[in-house]
Amino acid sequence: MAPRLFWIGLGNMGRGMSANIVEKANLDQPLLIYNRTKQRCIDLSEKLPAGKTEIVDSIAEGVSKADIIFNILSNDAVVEASIAEILKNDVKGKLIIECSTIHPDTTEKIAQQVEAAGAQFVAAPVFGAPAMADAGQLVGVLAGPKASVDRARPYFKGVTSKAEINMSDEPYRKALTLKLIGNTFVLNMVEQLAEGHVLAEKSGLGTDYLHQWIEGMFPGPYAAYSTRMLTGDYHKREYPLFTVDLARKDAGHAMSLAKEAGVRLHNVETGDAHLAELKAHVGEKGDIAGIYGAVRMENGLPYENE
């Protein structure tokens with residue numbers, strides 16, 4: 001009999017990941033799902049085949065029925081609160097897979113709490129945009145004791161992910177260190193695209209030629225973010241794909257790690273400053289691609305490009 005799975009968190013990443021588990025994993029019972037806003041559970045269940053999910057009304061209810069528990073939430077404080085709720089129940093022998101992007105110190109802290117309660121723990125942050133989560137094309141990073149990682153692996157490569165970075169028997173914090181460093185690449189990419197397009201516009205070259213070059217040289221994320229900027233998606237969409245607050249949280253964690261290591265991340269500091277300008281201009285609805293708007297304003301152009 002396959003293990004019973006419980007999924008906590010149906011944000012931009014959690015929705016796609018959980019749907020892929022329902023569709024591709026070897027489940028013989030409905031996936032238990034919980035989200036603080038219950039409507040997200042209802043919406044997901046309605047999109048998936050009948051009988052493939054079971055909505056639970058509390059974390060305690062899900063934990064009591066599950067063998068493996070996935071957690072993917074927005075920030076360290078919310079993750080710690082969720083783990084505290086999980087550990088109010090008997091978790092002996094269960095596996096908790098933590099997919100949230102949090103500080104390595106937070107990961108080590110909650111891992112100790114989970115293990116002290118008699119459960120197994122895997123740190124498993126994932127790389128990729130929401131569209132990649134929907135398509136099952138993420139890259140998972142799995143750290144922890146090999147026996148625990150082996151229990152988690154069936155739900156990553158070929159299910160939620162196109163690839164995995166196996167950190168079996170490595171400290172949990174290494175998975176989150178890689179995740180945070182990797183996310184600085186995303187921030188730097190968006191910053192460079194924003195600066196390049198503003199220069200192209202103001203120099204008279206025009207953004208279309210630069211975009212064609214980006215598509216030819218850097219297909220994939222670069223081209224996708226360039227398109228989001230030039231089509232105005234960064235200011236038109238109702239709900240951001242990568243919120244300004246989450247982007248600043250990741251940048252802050254990365255800079256904290258760098259400071260501890262005696263390293264300075266100049267590019268991240270620049271990107272974070274533009275994120276701060278973005279937050280001041282549009283508030284919580286700001287998306288990381290809105291750095292383009294912040295760079296535009298800094299250089300005498302309107303925030304919106306059309």
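**Labels and their cut-offs**

Author: Thr177 has its place in helix H8. Helices (H or I, at least four residues) and strands (E, at least two) are DSSP runs, numbered from the N terminus. The model is predicted, with local features needing pLDDT of at least 70 and side-chain atom pairs counting only at pLDDT 80 or more, while totals for chains, interfaces and linings use all residues. Residues are numbered from 1 along each chain as its sequence is written, and side-chain values use heavy atoms, with hydrogens and water left out.

Reader: Why is Thr177 called partly exposed?

Author: Buried means under 20% relative accessible area, exposed means over 50%, and partly exposed is in between (1.4 Å probe, protein chains only). The relative accessible area of Thr177 is 24%, so Thr177 is partly exposed.

Reader: Which residues is Thr177 in contact with, leaving aside neighbours within four places in sequence?

Author: Contact means heavy atoms within 4.5 Å. With those neighbours left aside, Thr177 is in contact with Pro104 and Leu257. Gly220 is 43 residues from Thr177 in sequence and 24 Å away in space, C-alpha to C-alpha.

Reader: What makes Asp169 exposed?

Author: Asp169 has 58% relative accessibility, so it counts as exposed. Asp169 has its place in the loop between strand E9 (161–168) and H8. Its phi is near 65°, a positive value in a residue other than glycine.

Reader: Why is His274 called buried?

Author: The relative accessible area of His274 is 4%, so the residue is buried. His274 is found in helix H13 (residues 266–282).

Reader: What joins the side chains of His274 and Glu191?

Author: A polar contact of 2.9 Å joins them. The term stands for a pair of N or O atoms within 3.5 Å; within protein, one must be able to donate a hydrogen and the other to accept it, and residues adjacent in sequence count only if both atoms are side-chain atoms. Not counting residues up to four places away in sequence, His274 also touches residues including Ile291, Ala294, Val295 and Glu298.

Reader: How do you know that the buried residues of H4 line one face of the helix?

Author: The buried residues of helix H4 (residues 76–86) are Asp76, Val79, Ser82, Ile83 and Ile86. Seen down the axis of H4, they fall within an arc of 125°, so they line one face. The arc is that of the directions from the helix axis to the C-beta atoms. What covers these buried residues includes helix H3 (59–65), helix H5 (104–116) and helix H12 (244–261). At the N-terminal end, Asn75 caps H4 with a side-chain oxygen 3.2 Å from the backbone nitrogen of Ala77.

Reader: How many aromatic pairs does the rule count?

Author: Rings of Phe, Tyr and Trp (its six-membered ring) pair if their centres lie within 6.5 Å; planes under 30 degrees apart count as stacked, over 60 as edge-to-face and the rest as tilted. By this rule the count comes to 7 aromatic pairs. One of them joins Trp213 and Phe218, whose ring centres are 5.4 Å apart with planes at 80°, so this pair is edge-to-face. Phe218 and Tyr222 form a tilted pair, 5.0 Å centre to centre with 35° between the planes.

Reader: Why is Tyr222 called partly exposed?

Author: Its relative accessibility is 30%, so it counts as partly exposed. Trp213, at 45%, is partly exposed, and Phe218, at 34%, is partly exposed.

Reader: Which residues touch the most other members of the largest nonpolar core?

Author: A nonpolar core is a set of buried Ala, Val, Leu, Ile, Met, Phe, Trp, Tyr and Cys residues joined through side-chain atoms within 4.5 Å. The largest one has 31 residues, and Trp7, Ile21, Phe70, Ile97 and Phe156 touch the most other members. The elements that give two or more residues to this core include strand E1 (5–8), helix H1 (12–24) and strand E4 (68–71). H1 gives the largest share, 5 residues. Apart from this core lies another, of 29 residues, among them Ile8, Ala66, Ala119 and Met167. In soluble globular proteins, nonpolar side chains tend to be buried together.
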